[in-house]
Amino acid sequence: MSIDLSTSYMGLKLKNPVIIGSSGLTENVDNIVKAEKYGAAAVVLKSLFEEQIMMDINSQKMNNIFDTYSDVENYVGYYTKQHSLNNYLSLISEAKQKTNIPVIASINCSTAGEWTSFARKIENAGADALELNIFILPSDSTVSGIENEKTYFDIIKAVKAETNIPLAIKISHYFSGFAKFATELSETGVDSLVFFNRFFSPDINIRTGKIISSHLYSTPSDNGMVLRWAGIMSKKLSCDLAATTGIHDAETVIKNIMAGAKAVQIASVLYNKGLSEIAVILKETEKLFAELNISSIQDICGISAQDNITHPAVYERSQFMKYFSDSGK
Ligand SMILES: Cc1cc2nc3c(=O)[nH]c(=O)nc-3n(C[C@H](O)[C@H](O)[C@H](O)COP(=O)(O)O)c2cc1C
């Protein structure tokens, strides 16, 4: 039986659904070449941060005002930032030269500021697509959810005015009306939504009282939240969907595609086991396809989405009451 793992994701033709998620794994060309060798279908580069781009824009403004680099601090700041932005653009073009897989650039952002003009440089450097990791922690007690959500739409509008490459929006699930919000995002002309970003979580060292970061890498159980929302939303969105967080093996790749994801993005499992795990996951995916008599991604994409199953309410079951009342019987 011939098995076809290819998929189309945000207008890109991918040889299989496994993309390396934005992380330190994709911040140098050697790793990207290795990822391709092990079978990765595409990479999302390590994110640039809006702040990095803004520092560059601001230093250029300062330099224009003084018309000189005589202010040493300013020069150093300018040089450092310019260097890192230029490095990022070089990373894009070098990755394009040395591999044949799509290279998706990434920017972490939270405002629709001047940084959005940088999207054009990313396109000119040869990126096949751009992923925006937008996150506004709703921690400001004077800002409403609606105001925060508006920023997402403002950012998309500003970035779309600068580029024509496919655009993905990586989001969290921290929205009070998630289904409506995600549907509206998908109707802005973006090419994909990525469910869900993973965050550094705070932890407390009980001996020093210091706040430290914890749980850098996901565990397989973290995928439940993604699976639920991919299943509920995939058929309702007007764009593609990619799943990320907690995808550590072939079975989970297949589940997320059955829920409606066109592709998956993985990082933690590769930090834990090395880039060669990409090949293991792909081989196992083919094996499972053969065992389950599946010949292509299209055969299964979305078959378990909420709109396609007999009991759609199972995706919305969220309380443990029945589970606890049944226990011990
Ligand atoms: C060490 C590390 C660095 C990451 N850096 C970024 C980043 O710069 N931008 C981004 O959008 N996501 C970043 N992520 C999130 C990953 O792209 C991915 O979405 C997330 O880790 C969930 O996938 P996983 O469960 O396979 O790790 C990072 C994740 C890790 C573990």
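Helices, labelled H, are DSSP runs of at least four residues and strands, labelled E, are DSSP runs of at least two, both numbered from the N terminus. The views below show a predicted model.

**Figure 1. The loop that holds His215.** His215 sits in the loop between strand E11, residues 211–214, and helix H7. Its phi is near 45°, which is a positive value in a residue other than glycine. Most residues other than glycine have a negative phi. His215 has a relative accessible area of 60%, so it counts as exposed, the cut-off being over 50%.

**Figure 2. The loop that holds Thr245.** Thr245 lies in the loop between strand E12, residues 240–244, and helix H8. Thr245 is not a glycine, yet its phi is positive, at about 105°. Is Thr245 buried or exposed? Its relative accessible area is 13%, and because buried means under 20%, Thr245 is buried.

**Figure 3. Thr252 and its contact with Asp249.** Thr252 belongs to helix H8, which covers residues 250–258. The side chains of Thr252 and Asp249 are joined by a polar contact of 2.5 Å. With a relative accessibility of 8%, Thr252 falls under the 20% cut-off and therefore counts as buried.

**Figure 4. The cis peptide bond between Phe195 and Phe196.** The bond that joins these two residues is cis, with omega at about -10°. Most peptide bonds are trans. Phe196 is part of the loop between strand E9, residues 192–195, and strand E10.

**Figure 5. The largest pocket.** This pocket has a volume of about 870 Å³. Its lining is made up of 33 residues, and those nearest the centre are Ser22, Asn133, Asn197, Arg198 and Phe200. Which elements give two or more residues to this lining? They are helix H2 (50–66), strand E6 (103–109), strand E13 (263–266) and helix H9 (268–273). By residue type, the lining holds twelve nonpolar, 16 polar and five charged residues.

**Figure 6. The second largest pocket.** Here the volume is about 390 Å³. There are 17 lining residues, and His173, Tyr174, Asn197, Arg198 and Phe199 are the closest to the centre. Strand E10 (201–204) and helix H7 (223–233) are the elements that give two or more residues to this lining. The lining divides into nine nonpolar, six polar and two charged residues. Asn197 and Arg198 are listed near the centre of this pocket and of the largest pocket.

**Figure 7. Residues around the ligand.** The ligand has 19 residues around it, of which Ser22, Ser47, Asn133, Ser218 and Ser268 come nearest. An oxygen atom of the ligand lies 2.6 Å from a backbone N or O atom of Ser22. In Ser47, an N or O atom of the side chain is 2.6 Å from a nitrogen atom of the ligand. For Ser268, a polar side-chain atom lies 2.5 Å from an oxygen atom of the ligand.

**Figure 8. Two buried cysteines, Cys109 and Cys301.** A disulfide is a covalent bond between the sulfur atoms of two cysteines. How many disulfides does a search of the whole structure find? The search finds zero.

Definitions and conventions:
Residues numbered from 1 in each chain as written. Predicted model: local features only at pLDDT ≥ 70, side-chain atom pairs only at ≥ 80, totals over all residues. Heavy atoms only, no water. Disulfide = S-S within 2.5 Å. Buried < 20%, exposed > 50% of the residue type's maximum accessible area, 1.4 Å probe, protein only. 1 Å grid on protein atoms, 1.4 Å probe; cavity = no way out; pocket = protein on both sides within 12 Å on 5 of 7 lines; lining within 4 Å. Points joined across faces, edges and corners; volume = space filled by probe spheres on them. Nonpolar A, V, L, I, M, F, W, Y, C, P; charged D, E, K, R; others polar. Near = heavy atom within 4 Å. Polar contact = N/O pair within 3.5 Å; in protein donor to acceptor, adjacent residues only side chain to side chain.
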